[in-house]
Amino acid sequence: MALGGGVGGGDSTMGAVPEERRKRNGVELRELWRKAVLQQILLLRMERENQKLQASESDLQCRRLKLDYEEITPCLKDVTLVWERMLNATGRSKVMFETEEIHTAVGQGVPRQHRGEIWKFLSEQYLLRQEVPSAKPPNIDTPYKELLKQLTSQQHAILIDLGRTFPTHPYFSAQLGAGQLSLYNLLKAYSLLDPEVGYCQGLSFVAGVLLLHLCEEDAFHMLRFLMYDMGLRKQYRPDMIILQIQMYQLSRLLHDYHRELYTHLEQYEIGPSLYAAPWFLTAFASHFPLGFVARVFDMLFLQGSEVIFKVALSLLGSHKPLILQHENLESIVEFIKTTLPNLGLVQMEKTINQVSEMDISKQLQAYEVEYHVFQDELLDGPSTLSQSQRVAQLEKTNGSLRQQNLDLLEEVQVAHAKIRWLETRVDGLVNREVELQSEVKTLQQERTELQQTVSRLRDLLSSLGVNSPCPDQENLTNTSYNQ
């Protein structure tokens, strides 16, 4: 009760204000305010760092998601070190490496984690070796971000094909996910850069392969390189004339390299257009495993567009016994379209090795000329078409010829530029030759003077009766000449 009374009573000592509740002065308040501000800044910094960490983790997960495919040529550690040395070279974009070293490295394998950067490196080496740059439109250097701000008339066609491009790959499978949005941006930007091609079916697969290994803007630059510098854009033009020529060239290659297979396909009227058109328009990306497609792109950046012919020829030739077993059109086409792409890892690697050793550039040029000659003969020969059909055919042929003339004009301009460059180089070599001849004359005069000096010295020594060792004139002459 005493305690209770004490507590319940109004004792002034029990009701005193605690120390922590006392009124603070200005200095203490400023110190508390400073601590609060510092703590808030620290919290904001921690939040930003957490966001960066989450973004980096997200990028790492995205990168792993992109590179989710099986390699067919595992890259050994020593080969990876060779690639890293070349990629990390000082002033890499201006240094021309040995061609043999690059070919050997590509043949031994390309590390998946560095593949995108290696493609950029191979494109740089290709441009360094181009004595005359390829013809390009005036808007070729329009920044990627500027193109993204514009509208394209190809939007509907691009949107339709987004879901059809690598539909089973986790990076592209989500509807309007990160992969599909990047693919849309890339195809939209290219359609604005190249209005003549715009957007063509098959191009989305080429762009998709690039996006799996590169960031969006770098993928755009590599797509532009493949289309203009490597010449792939010709096969995507609306008239498809180049694609028709390519089908004829592949048929002729089969005739020359695999006659039995060619005869078997001709027996059932199976032309390359029935099975090989998607191979050329998608660089094999629409039907073949990504590990194999990545190796095809390695070779494409290294050797150019004729790689697609080499791969097609190697695939058909290596499966010739199996194809010959099928004896009707449907089963042959079905085998080539569905069974052949599911070849094993050993066969894939064998195909790539064969491609690196083949050289068919001269045959391709000859077959293209042959195609145009046949087209002219067909046009000049007797026709059973009606007048309107004949006019339509002539208009189509004229359009094709106009386009071919433009292509030839472009080639002539490149040839003229190369000739001018060679003439300039010859002039430089002539001037250098004149300079060297002048230096030779000067050296010859010095040699003559040295010989005269040696003769005088020997005469002087003889007159003085000194028999000091002195090299004979011939040895001194040879020594001075070598020096």
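The axes of helix H12 (residues 241-257) and helix H16 (residues 306-318) cross at roughly 45° and come within 10 Å. Axes here are lines fitted to C-alpha atoms, for helices over the stretch in contact, with angles from 0 to 180 degrees between N-to-C directions. Helices, like strands, are DSSP runs numbered from the N terminus (H or I, at least four residues, for helices; E, at least two, for strands).

The crossing of H12 past H16 is right-handed, a term for a near helix turned clockwise from the far one by less than a right angle (anticlockwise for left-handed). On the H12 side, the contact (heavy atoms within 4.5 Å) is made by Gln 246, Gln 249, Leu 250, Leu 253, Leu 254 and Tyr 257. H16 contributes Phe 309, Ala 312, Leu 313 and Leu 316.

## Basis of the model

The model is predicted: local features need pLDDT of at least 70 and side-chain atom pairs count only at pLDDT 80 or more, while totals for chains, interfaces and linings use all residues. Residues are numbered from 1 along each chain as its sequence is written, and side-chain values use heavy atoms, with hydrogens and water left out.

## Helix H5

Among the buried residues of H5 are Arg 115, Trp 119, Phe 121 and Glu 124. Buried means under 20% relative accessible area, exposed over 50%, and partly exposed in between (1.4 Å probe, protein chains only). The cover over the buried residues of H5 includes H3, H4, H10, H11 and H15.

## Helix H7

In helix H7 (residues 155-162), the buried residues are Ile 158, Asp 161 and Leu 162. Seen down the axis of H7, they fall within an arc of 110°, so they line one face of the helix; the arc is that of the directions from the helix axis to the C-beta atoms. Helix H9 (178-193) and H10 are included in what covers them.

## Two loop residues with positive phi

Glu 269 lies in the loop between H13 and H14, and its phi is near 55°, a positive value in a residue other than glycine. Glu 269 counts as exposed, at 67% relative accessibility.

Ala 283, in the loop between H14 and H15, also has phi near 55°. Ala 283 is buried, with a relative accessible area of 3%.
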